[in-house]
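Dear colleague,

Please find below the structure that I am handing over to you. My findings follow directly after it.

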Amino acid sequence: MITFWINGKKVEGHPGEMVLAVAQRHGFEIPAHCHHGGVEPFGSCRLCVVEITHKDWKGWKGQVTSCLYPIEEGLEVTTESAELLQVRKVLADLLLARCPDAPEVQKLAAQYGIAKSSYSEHPDRPLCTLCTLCVRACEAIGASALGTAGRGPARKVGTPFDLPPEACVGCGTCARICPTHAIDCTEDERVRTIWKREFSFVRCDVCGRPTLTEAYRALLSERSGLSVEYFKRCDQCKRDEQAKAFSQIVR
Amino acid sequence: MTPIRSGAELEQARAAARQKSQAHEVEILVCAGTGCLAHGSAKVADAIRQEMKQAGLGGDVRYFTKTTGCHGFCEKGPLVVVQPAGTFYVKVKPIDAAAIVERTVKKGEVIDKLLYRDPNTKKRVASYHDIDFYAKQQRLALRNIGRIDPADLDDALSVGAYGALAKVLASMTAEQVIAEVEQSGLRGRGGGGFPTGRKWRTCRRVNVTPRYVICNSDEGDPGAFMDRSVDEGDPHSVLEGMLICAYAVDAHQGFIYVRDEYPLAIKHLRLAIDQARQAGLLGQNILGSGFDFDVEISRGGGAFVCGESSALMKSVAGEVGEPRAKYVHSVAKGLYDHPTVLNNVETFACVPWIFAHGAAAFAAIGTKKSPGTKVFSLVGKVKNTGLVEVPMGVSLREVIFGVGGGILDDRPYKAVQTGGPSGGCLPAAMLDEPVDFDSLTEKGSMMGSGGMIVMDDRTCMVDVARYFLKFLSDESCGKCLPCREGVKQLLVILQDICDGHGKPGDIERIEVLGSVVSKASLCGLGKSAPNPVLSTVRFFRDEYEAHIRDHKCPAGVCRKLTRFDISAEKCTGCMVCARACPTQAIVGEKKQAHTISQDKCTQCGACRTVCKFDAVLTA
């Protein structure tokens with residue numbers, strides 16, 4: 001274990017862990033718009049900046065993004081300071097200028113006392129903050145159907161050539177992980193529609209409710225080596241079945 | 001070429017190459033750098049060869065015409081040097097070939113009208129060495145450029161190429177090589193100024209193989225062509241530097257990342273790699289030492305951000321060229337997550353010199369903390385533009401007014417931007433500051449890769465900041481919020497100020513936003529992007545205030561804030577401005593004072609540029 005300090009409190013983490021992960025586990029609140037424990041850290045929103053120093057660094061202090069900074073023995077982390085507050089405030093202001101209509105961004109900006117951005121608002125008022133959580137989640141799922149295109153302010157997240165993506169399996173993870181609900185995803189009993197494609201649901205062989213999409217089932221089966229049959233039941237029915245079996249054992 | 005298998009064989013090959021070149025009693029060097037080629041130097045070389053042939057000298061080894069890399073004085077191209085006298089001709093046309101052969105080659109005469117005319121003394125200068133532009137330089141990284149034919153390995157050998165490598169392989173351990181580089185004090189010429197020896201040492205210490213060596217030749221700064229000239233004019237020095245580095249860090253594969261917009265650099269590097277492979281200077285068991293190393297060229301698509309180390313390595317690996325956080329350094333986890341040394345072209349070109357002359361000789365040049373020389377591309381409103389190499393620590397004044405010959409048309413100096421698009425602009429009060437890594441950073445600019453753009457009083461500093469922020473906003477990869485959105489918002493504010501919509505408080509807003517973008521951005525591009533605006537706010541605040549408060553552009557550049565008028569006293573009625581005006585807004589008779597009809601004027605400034613009597617006034 002690695003021992004270090006956050007705001008003067010001694011904390012422990014595993015080698016290879018990042019400062020943010022350990023801090024969150026210990027209850028420290030650091031804003032982190034583009035972060036999600038389930039995907040690779042990326043460091044694009046920069047809101048999770050913290051100050052670091054070390055007794056061996058001869059007084060040297062630095063600002064780093066905590067989502068990407070690997071913990072070190074004896075590291076001294078500060079998560080709140082006037083300087084950090086100013087950085088986060090300007091970042092929230094910039095984010096609000098890009099996404100003035102995104103309620104989550106409004107909420108973030110409000111924490112810094114900003115109701116309306118002091119910068120010029122994006123003419124298209126997009127909901128997407130370009131955090132790329134969807135892209136990273138899609139990669140983690142194994143589909144890699146999404147990516148970024150364009151440079152600088154023209155950067156955008158989307159599918160190759162803006163066409164319905166061949167690699168998409170319709171799992172819907174991108175829409176669920178998006179912090180600003182910027183990805184259109186609708187579903188009925190039969191199909192889920194996302195990225196201009198329709199995906200048929202598999203139905204649970206017990207209750208008949210839609211479970212995962214057929215394409216996602218094929219991908220999961222391929223990645224896990226389990227037969228397609230394994231995925232025929234919905235999670236709820238699997239749990240019911242196991243509970244029943246368990247209660248019989250106990251009895 | 002038969003493979004060279006030992007240091008002794010290398011010296012034999014060198015002796016043969018020297019004999020061949022010494023047989024040339026008269027050598028005509030025609031510059032074939034990109035600048036001169038664009039001026040038509042290939043035709044000049046053909047014409048001279050043709051004339052030599054007709055004069056019966058063509059087949060004679062005593063008379064030899066060769067094309068070389070860039071001489072640096074691109075503005076005066078095509079350049080021709082006749083050796084051994086060093087007679088230096090500028091702006092040579094194919095039609096001049098006959099006279100050059102007839103008079104200079106045969107009779108040793110100097111053709112007056114082809115000589116360089118000193119802009120200050122107005123005198124013609126006959127020799128290379130007597131021109132201020134060259135006399136005040138110290139050429140170390142550029143040592144062979146302009147002297148050798150970059151496409152000829154023999155020519156490179158004749159001036160000592162691969163001698164340092166042979167010495168290293170035969171008599172030094174990797175540890176000794178690293179120690180020598182450390183003692184030289186060499187710092188990375190790509191912009192960061194990181195100590196090269198320390199970089200190599202850290203990389204070697206990482207116990208993971210394979211290790212890689214990459215040469216960064218993704219020179220993306222507008223107006224900069226230092227690395228390109230080295231690649232084009234002396235590719236073997238780059239390879240030799242990489243070889244020595246690879247030996248020191250125990251790497252066996254290298255890459256040269258060069259932008260695809262540099263076709264001649266790619267051609268010459270490729271040729272040099274092929275020649276070196278054939279000569280056994282790349283590949284397996286180099287010079288019989290048992291050391292293996294090979295180099296591949298990786299062509300970049302031209303994104304400015306790919307000059308940033310982590311983005312460059314992603315691009316080499318075939319991924320999207322976006323930077324990553326470098327809390328784990330690329331010397332430990334670089335290309336393909338393996339230990340990687342990345343140095344710039346100029347850095348590698350300095351390495352063989354250090355081993356040929358000794359670390360102490362290198363450390364003796366320049367300043368204590370920034371030893372050696374630095375190549376700059378000196379451009380803008382300066383009399384002599386081109387590629388210049390000076391010892392570190394010389395003053396800006398010496399570079400601009402000494403080597404550069406002063407400001408164009410003897411107008412007042414206003415600022416110099418050092419360090420490329422994300423460098424800062426330094427005012428006249430700083431002309432006597434030394435040019436080295438630390439001084440420039442301290443003053444709010446940077447060394448960068450060596451761009452130097454000189455500006456006169458007719459340059460608007462707000463407009464300059466706006467121009468560079470536009471470039472940087474376009475070239476930001478867009479990955480991180482402060483760089484993508486912050487630089488864009490800085491640009492919005494600057495554009496408003498230039499358009500006359502500046503508001504009180506804009507300067508303070510720029511300062512706050514600029515400092516956050518510097519602090520919070522992910523990579524060097526974003527961290528340095530606010531430099532042009534922050535440095536101009538710092539040194540030329542009154543100009544910003546004039547735009548915002550008085551709605552005036554003191555330099556007469558921002559169109560919406562400038563009115564052009566002609567002074568009735570100064571105007572001689574020469575009609576030159578009237579002919580230059582694209583909208584026929586200037587009226588007046590010959591030899592009578594002209595006037596500008598304001599409803600037609602588009603504030604382009606063409607009249608002011610052409611007026612020889614300073615009669616065009618701005619307000």
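Lys58(A) counts as exposed because it has 7 C-beta neighbours inside 10 Å; here a residue is exposed if 12 or fewer other C-beta atoms, placed from the backbone, lie within 10 Å of its own, buried if 20 or more do, and partly exposed in between. Please note that this is a predicted model, in which local features need pLDDT of at least 70 and side-chain atom pairs count only at pLDDT 80 or more, while totals for chains, interfaces and linings use all residues. Residues are numbered from 1 along each chain as its sequence is written, and chains are lettered from A and ligands numbered from 1 in the order in which they are written.

Lys58(A) is not a glycine, yet its phi is positive, at about 55 degrees. The residue belongs to the loop between strand E3 (49–53) and strand E4 (62–65) of chain A; helices (H or I, at least four residues) and strands (E, at least two) are DSSP runs, numbered from the N terminus. His181(A) also has a positive phi, near 50 degrees, and sits in the loop between helix H5 (173–177) and strand E8 (185–187) of chain A. With 14 C-beta neighbours inside 10 Å, His181(A) counts as partly exposed.

In chain B, two cis peptide bonds deserve mention. One runs from Gln83(B) to Pro84(B), with omega near 10 degrees, and Pro84(B) lies in the loop between strand E3 (80–83) and strand E4 (87–89) of chain B. The other joins Thr209(B) and Pro210(B), with omega about -5 degrees.

Turning to the interface, 25 residues of chain B are in contact with 26 residues of chain A, contact meaning that the C-beta atoms of two residues, placed from the backbone, lie within 7 Å. On the side of chain B that touches chain A, helix H19 (481–498) is one of the elements giving two or more residues, and H19(B) supplies the largest share, 8 residues.
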